[in-house]
Amino acid sequence: MNIFSLLDPQTVFPDFEVKDKAEILTKLVSSLEGKVSEGEIERVREAVIEREKIMSTGVGKGLAIPHGKTAGLQETYAAFAILKDPVDYEAIDNKPVNMVFLLVGPQSSNSLHIKLLSRISRLMNNSDFRNSLRECKTPEDIIERFQDEEHVSFSG
């Protein structure tokens, strides 16, 4: 499964205005409304927040990858934001976050979830790719960059 195929213009934000970690999580999960049932949105939000309480998903280099799984989801969903202003996220390197990739999926798909998290980490570890994302002005540009980068990174 490709990362870019999980994204669509409704869940990608090139100039995301938020003031703190809680607002990031709330707004990104809310962007899944229309894809996920109203009741399930709340369970997804709780799962993501619970996961965050275990350990911050701020993985360093200005990136956070909040994630969670619930029994009510039938498929995997994602949202991505480039923050207008960096936000403290209690990241492992103690630096603020300026990009956030949310990944949520079914409770039952553990191995897919782990593979996708690994793929996101591998893509986002590339500083040239992160810099090229910052130059994107529209959700469509961001999705296209992910598609291009995945093609280069994972083909062959």
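This is a predicted model: local features need pLDDT of at least 70, side-chain atom pairs count only at pLDDT 80 or more; totals for chains, interfaces and linings use all residues.
Residues are numbered from 1 along each chain as its sequence is written, and side-chain values use heavy atoms, without hydrogens and water. Local features need pLDDT of at least 70 and side-chain atom pairs count only at pLDDT 80 or more, while totals for chains, interfaces and linings use all residues.

Start with Leu103, which lies in strand β6 (residues 97-106); strands (E, at least two residues) and helices (H or I, at least four) are DSSP runs, numbered from the N terminus. Leu103 has a relative accessible area of 0%, and buried means under 20%, exposed over 50% (1.4 Å probe, protein chains only). Leaving aside residues up to four places away in sequence, Leu103 touches, among others, Leu6, Tyr77, His113, Leu116, Leu117 and Ile120; a contact means heavy atoms within 4.5 Å.

His113, Leu116, Leu117 and Ile120 are among the buried residues of helix α3, along with Arg119, Leu123 and Met124. An α-helix has 3.6 residues a turn, so residues three or four places apart point the same way. The face turned away from the buried side carries the exposed residues Ile114, Lys115 and Arg122. The buried residues of α3 pack against several elements, including β6 and α5 (139-154).

Elsewhere, Lys21, Leu25, Thr26, Val29 and Ser30 in α1 meet residues of α2, including Ile41, Val44 and Arg45.
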